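Subject: Structure handover

Hello,

Here is the structure I promised to pass on. Please open it first, then read the notes below.

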Amino acid sequence: MSNPNLAVELAGLKLKNPVMPASGCFGFGREYSNYYPLSQLGAVVVKATTLEPRLGNPTPRVTEVTAGMLNAIGLANPGVEKVITQELPWLAKQDVPIIVNVAGSTEREYCRVVEEISNSGYAQAIELNVSCPNVKLGGLTFGADPKVLANLIKKVKKVSAVPLFVKLSPNVTDIQDLAIAAEAAGADGLSLINTLIGMQIDIKTRKPVLANKIGGLSGPAIKPVAVRMVYQVAQVVKIPIIGMGGIYSGIDALEFIMAGASAVMVGTANFTNPMACPKIIKEIADFMAAEGIESLEEIRGCAL
Amino acid sequence: MLLDVTGITNLTSNIWELCLSGPFPYQRVQAGQFINILINQGKDHILRRPISIAEVDTNKKSLTIVFRVVGQGTEWLSQRQVGDQLNIIGPLGTGFQLPAKNSKVVVVGGGIGVPPLYQLVKELKQKQITNDLTIILGFRNQADCFWVERFAKLGQVLVATNDGSFGTKGFVTDLLDTKANYEYLYSCGPRGMLQALKNHCQGINIQGYVSLEERMACGVGACYGCVCSSADRKLHYRICKEGPVFNWEEVAL
């Protein structure tokens, strides 16, 4: 049996395998380090970081739906200063590349956080969160209009010394337009998809379950939508794509890779099984060995 | 980890007792902690169900949980049979801080909040921490009562039901004598009951510990789904990590 090489390269960022936990589903890494060494992962993508600390939305913030869940956390995070002084130094010792997800409500705020994270030296890449459906200001405001998105990316690129991945929302009319605009504006890569906007109603209280009323749908339920969007975006951009949306197994991850993704992010699956990421890495390796695939480049985008 | 179902008992119309055994760090359990249970291999139900540990027996290597059927996940759980296996994670969270030795303790449980207090009371007796123990249990009515006799073997039990069909008619607060010089109060139950208890005890010198509940996703502190506010509302605590048990002075109830 051949010995498959899972290593991938994303905009100059070398990862030992293509699997990383998705932002918001892994905190800053500490909790899951009780289950396995984080060095097993391709990278760790930490929780969305904003300039000021954010408490987030009222509870209930999460609820289960068929084959998925809705969340409306609302970008709760301790703010960039504490992230840099209290969270990233610990994570930097875990021998795994760090990608910091950055969110904001104004261009100025995005730029300041990106600059501080970039200057901190802890992040090997930044993921620009322009697709959070759960906050009133920012988030999707920047991710729904190609011109607005391009302007933001241009400004942020000027203050970032590390590769910039732009996380796209599925809650748009044409994701290809956004992807093209992001690439043209200088994005080093794209990650997609963020959650789909959803709602669940409690028929006893006759009101939405989530205090925020709407929330982001994630989990196996969204996988076909996500695979389709990665496939569509892969047709129109040359920059690397990180695919995500309901990945629970090696098979799921391979679908995204065959649709054109260079790497994948695993979100909700961590909640179902804290060992989800190591399991997915092993399943990808097993498939590659069984099929005689030496490098993921051989199959990336093969479905296109 | 996989645990074997060794017993399942229906306690009331919608409350079930489930006994589990198998490889589990029983010694590490702190009263008030919970386990997070995978429902039907996570196929349709992708979020685990967090259930408080009601009793742990380190000798027999078994643990007991009690849960109320509130939806499809807990309904599936209620249909487990002896010999089935459950995929669980735990023990999780921060449990009850035990009182100083020989202090005067009152334990107050309401409805499905009653079971986690059992392990606490058992530990207070077994570790001979205190004998001065009052147990107050509240239920809606007689049909909803469970585990009263089980608690009665460990200490004096007072029961309140809303309609008076069992014990005293009224609420747990009606049975809590604020002049009894209790030094510690431990409680688990509906948020409204916990609020009422705190109000009831205002002005008396008592350490109160309450176990809170919220919809959870990860159960390990990563997702910030199940937060509660600090007393000054400036901070959030994760119920699955810093909780579910909090000193009631620390949190906004």
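**What was found**

B:Q128 sits in the loop between α2 (116–126) and β8 (133–139) of chain B. Helices (H or I, at least four residues) and strands (E, at least two) are DSSP runs, numbered from the N terminus. Phi of B:Q128 is near 50 degrees, a positive value in a residue other than glycine. B:Q128 counts as exposed because it has 9 C-beta neighbours inside 10 Å. The cut-offs: a residue is buried if 20 or more other C-beta atoms lie within 10 Å of its own, exposed if 12 or fewer, and partly exposed in between, with C-beta atoms placed from the backbone.

A word on the source. This is a predicted model, where local features need pLDDT of at least 70, side-chain atom pairs count only at pLDDT 80 or more, and totals for chains, interfaces and linings use all residues. Residues are numbered from 1 along each chain as its sequence is written, while chains are lettered from A and ligands numbered from 1 in the order in which they are written.

**Chain B**

Six strands close into a barrel, in the order β1-β2-β5-β4-β3-β6. Their pairing is antiparallel. Two strands pair if DSSP finds at least two bridges between them. Strand β1 (residues 2–10) and strand β2 (residues 15–21) are joined by six bridges. In that pair, B:G7 stands opposite B:C19.

**Chain A**

Chain A has nine helices and 16 strands. Its radius of gyration (taken over C-alpha atoms) is 18 Å, close to the 19 Å of the globule rule for 304 residues, so chain A is as compact as a globular protein of that length. That rule is 2.2 Å times the number of residues to the power 0.38. Buried residues make up 59% of the chain.

Two peptide bonds in chain A deserve a look. One, cis, joins A:T59 and A:P60, with omega about -5 degrees. A:P60 is in the loop between β4 (44–49) and β5 (62–65). The bond from A:L192 to A:I193 is also cis, with omega near 15 degrees. A:I193 lies in the loop between β10 (189–192) and β11 (196–198).

A:R206 has a positive phi, near 60 degrees. Its loop runs between β12 (201–202) and β13 (207–208). A:R206 counts as exposed, with 7 C-beta neighbours inside 10 Å.

**Where the chains meet**

The contact takes 20 residues from chain B and 29 residues from chain A. Two residues are in contact if their C-beta atoms, placed from the backbone, lie within 7 Å.

Best wishes
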